Amino acid sequence: MSSFAGRMKEYPTISLDRFDKENLHARAYFLSHCHKDHMKGLKGPLLRRKLHFSRTVRLYCSFVTKELLLNNQKYAFWEEYIVPLELESPTQIPLVDEASGEKEEIVVTLLPAGHCPGSVMFLFEGSRGNVLYTGDFRLAAGDASRIEHLHSGSRVKDIQSVYLDSTFYDPRFYQIPTREVCLRGILELVGNWISQSSYHVVWLNCKAAYGYEYLFTNLGEEFNTQIHVNSLSMFKKMPEILSYVTTDRRTQIHACRHPKDDEYFQGNRLPCGCTATDGTPLRIISIKPSTMWFGERTKKTNVIIKTGASSFRACFSFHSSYSEIKDFLSYLKPVNIYPSVIPIGRTLTEVSQLLKLMCRNQSHQALIYKPLGVLKRSRVERPTYDSDTDDELFDRLDMEPVRKKMGLIQEVKKDKSQSPQRTASPLSVEEPSSVTVTQSVAHNYVDCTESNDEEEDNEEEDKSKELEESRKSGSPKWEDFFTTEMLTDSQNSIKSQSQSCCSAASTSPSRMTGSQTPELFSDEENPHNAETFSLTLSASVSNHSSQNMDSCLPDTEILRPQQGEGETSVTSRKEEGGCLMVPSEREEPSGSQASSDFDVPCTPESRAPQADELLQLYRKLASGEEVLIRKGSQGSV
DNA sequence: GCGATCAGCT
DNA sequence: CACAGCTGATCGC
């Protein structure tokens, strides 16, 4: 949870992600994303009153964040004070002291943060230097090099300070499987379950927060279905999400919630009360997205863990891992780094000390040769940090075990011609049913009328009919759901027109079930219909190429990701037996790494190594020598 | 009655 | 496998 106080040393007249106390005096406000722990004070009466009397104070955020914020009535009064900004478009913001009339300008650029829909980092450029407020973020190793506005020409911008999402800045959280790997594990588990029969359903036990949407869209796309959720209204201008969620309960994948949903699940009921028509009990499994982390040398990297007869945890993280953060920081090399989160069990002092080592002046000037890349990243000296595990805390040339191809999850996100119902179940769950799965499972489900939770939960249903009119076809990728652009009304109408063909199996829920849901979506509730816009979500930073995931299925319930992915900070590797792993033997670098290594050279004078130089280098590495290329010439300055 | 804070829970 | 947010109790205004 963020404990950032709201203000940055360099630009104390603006406030970010905190809106109480001293922040009430700010000249401008910034909201990085729509999570409550970043919105403290945002609905406070004092701030509301200030806005009422101010002519210049505004709240700046992304279009999607604005949409999500205003979906909550408690924040509706912000409507006229929000200035949504385009991503990656430097914008000059006036900072006016309304008492004295004094005015200052600052340039802000929104950078996609990969944390939840609409989440951004703020890059500020002004008279006190460049500062980066990361908000909360999940970026893969190598992503920083692809963020154009962190660069000036071919060089990394001089960043004075980074205000950092340090949630997992602790060596305990060294590695978290990449988003893609986690997604594959979940797709595999879900696919193998719901393909057994139409009575086999999945409940995604997600928390009440934005950030799971890419899961819904990818599942929806993969299995040509929609995910049942409590409400669609927040997504009404985001067709890419809207098209994969529904309030129609007759689907095999649910992410609905109820205050007593765990109880419901124990009683073999879905939170929405949905059951089968013919009395056949549903076969429900729950999948709880949870953060899983691994030490540097931990080989156990299961992304799915079975926790009960019908319960699973699936690896999932909104935040960058320790190594991902280190990669990010070692690329930017800011002068100062301030943590905005203290990891559980750590102190501010500990985290600050660890972060100091990543600052420009503390880092050693030695560059270590990277055989396959340019001399982009320098390395930090291994600090004398007190290790709490047998994991090595910091990457070293001689500590990295060879990453074996251990991926046991079949590639599922591939060409669309392949059936989602593929292979035998890898899960040691209950025996497969002989019922053949068809696309249309609608008739197997009805309302469970004894369910007492209809009143509140179904208020969106009638609206959903309307909203589902605007579904679109297309292949979603996770990275689509963290950034935005606006659609014009005409584009939106095109999308609406194109939707009818792909909703053949989707029938109005109230028509099928006789729902008594009152009409809650009158025009009055949305008086600005004529002016409504549509948000579309565009590809963001990462450009992950298809990776070689041609692994086999396990015969246990444990799924493992391919290892070695996203690893960029280690310059060379040596197998524990002493055998060098040369580049040609290494795993293919991920698409992100490949591009990050070559796109933005920070040391222009660098050149490609010759074969004999490489040989020498490997010999030195094998003998454990430190390999020093050159002093000085930091690429990041 | 409202907001802030905290414990407890998930 | 530890993030984000809900509920309810308590307190102060």
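I'll start with one residue. Asp262 sits in helix H6, which covers residues 261-266. Before I go on, keep in mind that this is a predicted model. Asp262 is partly exposed, and its relative accessible area is 40%. Setting aside neighbours within four places in sequence, the residues that Asp262 contacts are Trp203 and Asn205. Asn205 is 57 residues away from Asp262 along the chain, and their C-alpha atoms are separated by 8.7 Å.

Now the chain as a whole. Chain A contains 14 helices and 25 strands. Its length is 637 residues, and 57% of them are buried. The accessible surface of chain A is about 26,500 Å², with 49% of that belonging to carbon and sulfur atoms. As for contacts, take the pairs in chain A that are at least 6 apart in sequence: 75% of these join residues at least 24 apart. The pair Asp262 and Asn205, 57 residues apart along the chain, has already come up.

Helix H3 runs over residues 179-194, which is 16 residues. From the first C-alpha to the last, H3 reaches 22 Å, close to the 22 Å expected at 1.5 Å a residue. How many of the residues of H3 are buried? The count is 16 of 16, and H3 is mostly covered.

Helix H2 spans residues 63-71. Why is H2 described as largely enclosed by the rest of the structure? Because 8 of its 9 residues are buried. The buried residues in H2 are Phe63, Val64, Thr65, Lys66, Glu67, Leu68, Leu69 and Leu70. Note that Lys66 and Glu67 are on that list of buried residues.

On to some loop residues. Arg346 is in the loop between strand E20, residues 336-339, and helix H8, residues 348-356. Is Arg346 buried or exposed? Arg346 has a relative accessible area of 17%, so it counts as buried. Its side chain makes a polar contact with the side chain of Asp170, at 2.3 Å.

Thr291 is in another loop, between strand E17 at 283-290 and strand E18 at 304-306. With a relative accessible area of 30%, Thr291 is partly exposed. Which residues does Thr291 contact, leaving aside its neighbours within four places in sequence? They are Phe168, Ile176, Phe316 and Ser317. Two of those contacts come with distances. The side chain of Thr291 reaches the backbone oxygen of Phe316 at 3.2 Å. For Ser317, the separation from Thr291 is 26 residues in sequence and 5.0 Å in space, C-alpha to C-alpha.

Glu88 has a phi near 55 degrees, which is positive in a residue other than glycine. Glu88 belongs to the loop between strand E4 (82-85) and strand E5 (91-96), and at 34% relative accessibility it counts as partly exposed. Asn224 also has a positive phi, near 50 degrees, and again the residue is not glycine. Its loop runs between helix H4 (213-222) and strand E13 (227-228). Asn224 counts as exposed, at 56% relative accessibility.

How many residues surround DNA strand C? There are 18, and the closest are Met1, Lys207, Ala208, Trp293 and Arg313. By type, the residues of the surface near DNA strand C are 7 nonpolar, 5 polar and 6 charged.

Which part of the strand faces the protein? Of the atoms of DNA strand C within 4 Å of the protein, 60% belong to sugar or phosphate, and the rest belong to bases.

Arg313, one of the closest residues, has a polar side-chain atom 2.6 Å from a phosphate oxygen of DNA strand C.

To recap: 57% of the residues in chain A are buried, helix H3 has 16 of 16 residues buried, and 18 residues surround DNA strand C.

How values were computed: Residues numbered from 1 in each chain as written. Chains lettered and ligands numbered in written order. Predicted model: local features only at pLDDT ≥ 70, side-chain atom pairs only at ≥ 80, totals over all residues. Heavy atoms only, no water. Near = heavy atom within 4 Å. Polar contact = N/O pair within 3.5 Å; in protein donor to acceptor, adjacent residues only side chain to side chain. Nonpolar A, V, L, I, M, F, W, Y, C, P; charged D, E, K, R; others polar. Helix = DSSP H or I, 4+ residues; strand = E, 2+ residues; numbered from the N terminus. Buried < 20%, exposed > 50% of the residue type's maximum accessible area, 1.4 Å probe, protein only. Contact = heavy atoms within 4.5 Å. Areas by Shrake-Rupley, 256 points an atom, 1.4 Å probe, with all protein chains shown as cover. Expected span 1.5 Å × (residues − 1).
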